[in-house]
Amino acid sequence: MQAALEELGFGPCYHMHCCFQNPMECDMWTEALNAKFRNQGRKYTRKDWDQLLGHCQSVTDVPPAAFIPELHEAYPDAKVVIVQRPLESWYASCQNTVLKFTASKQLLPLYFLDRYMCRRMAPMMGTLFSSLFGAERKDPVKMKQNWMDGYTNVYNEARKVVPEEQRLEFALKQGWEPLCEFLGVDVPKTPFPHRNDSSTFDAGIKVMVKRMWVRAAKLNAPYVVAGLGVAAAWWMYK
């Protein structure tokens, strides 16, 4: 959906990938999530959303989807596209992407070693997913139901707060025509994009994790050298 909106001229379009590209934004999302779901801190106003999203013309995916009432209040004239997906295929996609990534054993050491990105990203994703979908991870049946319920709740919330004339119920398989008609733009001659599949996500995550390890090595190299120096001195003079 990000690629489609940007091709239609509504870019930049904010997506979770944007958090990976600018990790400091994770701090603001965590602050907003804590205010909304944990009653910690102040709730975000139009000024805050402008600071976080003002460089974009559209948003999609989470974290923005967790704030549909707040964003509608801040931008009451904005149109909302409710992208419909079968629950089973949506959850299967989550299992192969974000759930697979957040369960990775690499994240624990990176949390301590990469304070620039991973230490910002982990709290945001943890708060986001537990707030929308619950914290259950051991019971796969209950976990699946929680995620499906959370998905349904987000969509129902959008239908409740956004006037009918400002929202479109849309399935990606419908292609350009209904989307372009709703947004008031011409239909492109290019095929409707389908880029955010599991293989694309995996490729992006591998690049991101590699960068985190490289950054962790650079950030922690002075401490390793200092530790080796202390160890060497202790060995020489023991």
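Analyst: Some ground rules: buried means under 20% relative accessible area, exposed means over 50%, and partly exposed is what falls in between (1.4 Å probe, protein chains only). By that rule, 38% of the protein's 238 residues count as buried. This is a predicted model, where local features need pLDDT of at least 70 and side-chain atom pairs need 80 or more, while totals for chains, interfaces and linings use all residues. Residues are numbered from 1 along each chain as its sequence is written, and side-chain values use heavy atoms, leaving out hydrogens and water.

User: What makes up the secondary structure?

Analyst: Twelve helices and four strands. Those are DSSP runs numbered from the N terminus: helices are H or I with at least four residues, strands are E with at least two.

User: Why is Trp-29 called buried?

Analyst: Its relative accessible area is 0%, so Trp-29 sits under the cut-off and is buried. Phe-67 has a value of 2%, so it counts as buried too.

User: What makes Trp-29 and Phe-67 a tilted pair?

Analyst: Rings of Phe, Tyr and Trp (its six-membered ring) pair if their centres lie within 6.5 Å; planes under 30 degrees apart are stacked, over 60 edge-to-face, and the rest tilted. Trp-29 and Phe-67 come out at 5.7 Å centre to centre with 35 degrees between the planes, hence tilted. Trp-29 is in helix α3 (residues 25-37) and Phe-67 in the loop between β2 (58-59) and α5 (68-74), so the pair ties together parts 38 residues apart in sequence.

User: Which residues do ring pairs link into a cluster?

Analyst: Trp-90, Tyr-91, Phe-129, Phe-133, Trp-147, Tyr-151 and Tyr-155. The whole structure has 15 aromatic pairs.

User: Which residues of helix α6 are buried?

Analyst: In α6 (residues 87-96), they are Trp-90, Tyr-91, Ser-93 and Cys-94. They cover an arc of only 155 degrees around the axis, so they lie on the same side of α6. The arc is that of the directions from the helix axis to the C-beta atoms.

User: What do the buried residues of α6 pack against?

Analyst: Against α7 (98-102), α9 (118-133) and α10. Contact here means heavy atoms within 4.5 Å.

User: Where is Gln-166, and why is it called buried?

Analyst: Gln-166 is in the loop between α10 (140-161) and β4 (167-170). Its relative accessible area is 16%, so it gets in under the limit and is buried. Leaving aside neighbours within four places in sequence, Gln-166 is in contact with His-72, Pro-76, Asp-77, Ala-78, Lys-79, Val-80 and Phe-182.

User: How many of the protein's contacts join residues at least 24 apart?

Analyst: 72% of the contacts between residues at least 6 apart in sequence.
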